[in-house]
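The sequence and structure are shown first.

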Amino acid sequence: MHEKIEESWREKLSTEFEKEYFKILTKFVKEEYSKELCFPPIEEVFSAFTQTPFSKVKVVIIGQDPYHDLGQANGLCFSVHKGIAKPPSLQNIFLEIKKDLQIEIPPSGNLEHWAKQGVLLLNATLTVRAHQAASHQNKGWEVFTDTIIKTISEQKKGVVFLLWGGYAKKKITLIDQTKHLVLNWFGNKHFSKTNNYLKEKGEEKINW
């Protein structure tokens, strides 16, 4: 399964793939996809990494689970395929952007354009069974994605971590706040704060 992960991430995470939990996780995911309808499509499970290689990560947004209804999940947290109605969580994000930056809500909820600018859209659990929220939790994904957060924290500087909601806020213990900016209260101009921080660090701002 890990062969599908983008090359720079595969290099950073190489030791994880040999661990017993990841082997068990791989077996579980393969069995689930062979027997059940699962999301996102198998070729999009690692889309967050394909769209945002390690060297390009400037912002990390952490979600919990992929969307579990037909046609929604595309491997990027909070994002949906073009033409799919925006779920409430995504609507709320766009409303916050509108209030913060006076940007009109776009017709599409596909966030690939964020990912390509360096926003890692990371769900803690990367797969889910159709119409069964949290069905793939506690199978090993969280160990894997916690390692990703720790790796970014340890090996990069000046990354913005957006921790929205109670679940995401628990990840704060994985992040070195002396090196990175953590924003964990939704509704507090996170998008302009992120861009101001990036500008101070000499980085390109995100076109939200």
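The points below are grouped by topic.

This is a predicted model, in which local features need pLDDT of at least 70 and side-chain atom pairs count only at pLDDT 80 or more, while totals for chains, interfaces and linings use all residues. Residues are numbered from 1 along each chain as its sequence is written, and side-chain values use heavy atoms, with hydrogens and water left out. An open sheet of 4 strands, in the order β3-β2-β5-β6, is formed by parallel pairing. The structure also holds 2 cavities of 30 Å³ or more.

**The sheet**

- Helices (H or I, at least four residues) and strands (E, at least two) are DSSP runs, numbered from the N terminus; two strands pair if DSSP finds at least two bridges between them.
- The 4 strands follow the order β3-β2-β5-β6, and their pairing is parallel. β3 and β6 (181-183) stand at the edges with a single partner strand each, so one side of each has no neighbour in the sheet.
- From one strand to the next, the twist averages 20 degrees. Axes are lines fitted to C-alpha atoms, for helices over the stretch in contact, and angles run from 0 to 180 degrees between N-to-C directions.
- Strand β2 (residues 59-63) pairs with strand β3 (residues 119-123) in the parallel sense over 5 bridges. β2 also pairs in the parallel sense with strand β5 (residues 160-162), over 3 bridges.
- Helix α6 (residues 141-155) lies across β2, β3 and β5, and runs at about 150 degrees to β3.

**Strand β2 and V60**

- Buried means under 20% relative accessible area, exposed over 50%, and partly exposed in between (1.4 Å probe, protein chains only).
- In β2, 5 of the 5 residues are buried, so the strand is largely enclosed by the rest of the structure. V59, I61 and G63 point one way from β2, and V60 and I62 point the other way.
- V60 lies in strand β2 and counts as buried at 0% relative accessibility.
- V60 stands opposite L120 in β3, while its bridge partner in β5 is F161.
- Leaving aside residues up to four places away in sequence, V60 touches L120, I152, V159, V160, F161 and L162, where contact means heavy atoms within 4.5 Å.
- V60 and V160 are 100 residues apart along the chain, yet their C-alpha atoms are separated by 6.2 Å.

**Cavities**

- On a 1 Å grid over the protein atoms alone, a cavity is a set of points where a 1.4 Å probe fits but cannot get out, and lining residues have an atom within 4 Å of a point. Grid points are joined across faces, edges and corners, and a volume is the space filled by probe spheres set on the points.
- The largest cavity contains about 40 Å³ of space. Its lining consists of D65, P66, Y67, A73, N74, G75, L76, C77, F78, S79 and N123.
- That lining of the largest cavity divides into 6 nonpolar, 4 polar and 1 charged residues. Ala, Val, Leu, Ile, Met, Phe, Trp, Tyr, Cys and Pro count as nonpolar, Asp, Glu, Lys and Arg as charged, and the others, Gly among them, as polar.
- The second largest cavity contains about 30 Å³ of space and is lined by P40, V45, P66, G75, N123 and L126. The lining of the second largest cavity comprises 4 nonpolar, 2 polar and no charged residues.

**Backbone features in loops**

- The peptide bond from F39 to P40 is cis, with omega near -5 degrees. P40 is placed in the loop between β1 (38-39) and α3 (47-51).
- Q102, although not a glycine, has a positive phi of about 55 degrees. Q102 belongs to the loop between α4 (88-101) and α5 (112-115) and is exposed, with a relative accessible area of 60%.
- K189 is likewise not a glycine and has a positive phi of about 55 degrees; K189 is found in the loop between β6 and α8 (190-200).

**Helix α8**

- The buried residues of α8 are H190, F191, S192, T194, N195, Y197 and L198. Their cover includes β2, α4, α5, β5 and β6.

Technical notes:
1 Å grid on protein atoms, 1.4 Å probe; cavity = no way out; pocket = protein on both sides within 12 Å on 5 of 7 lines; lining within 4 Å.
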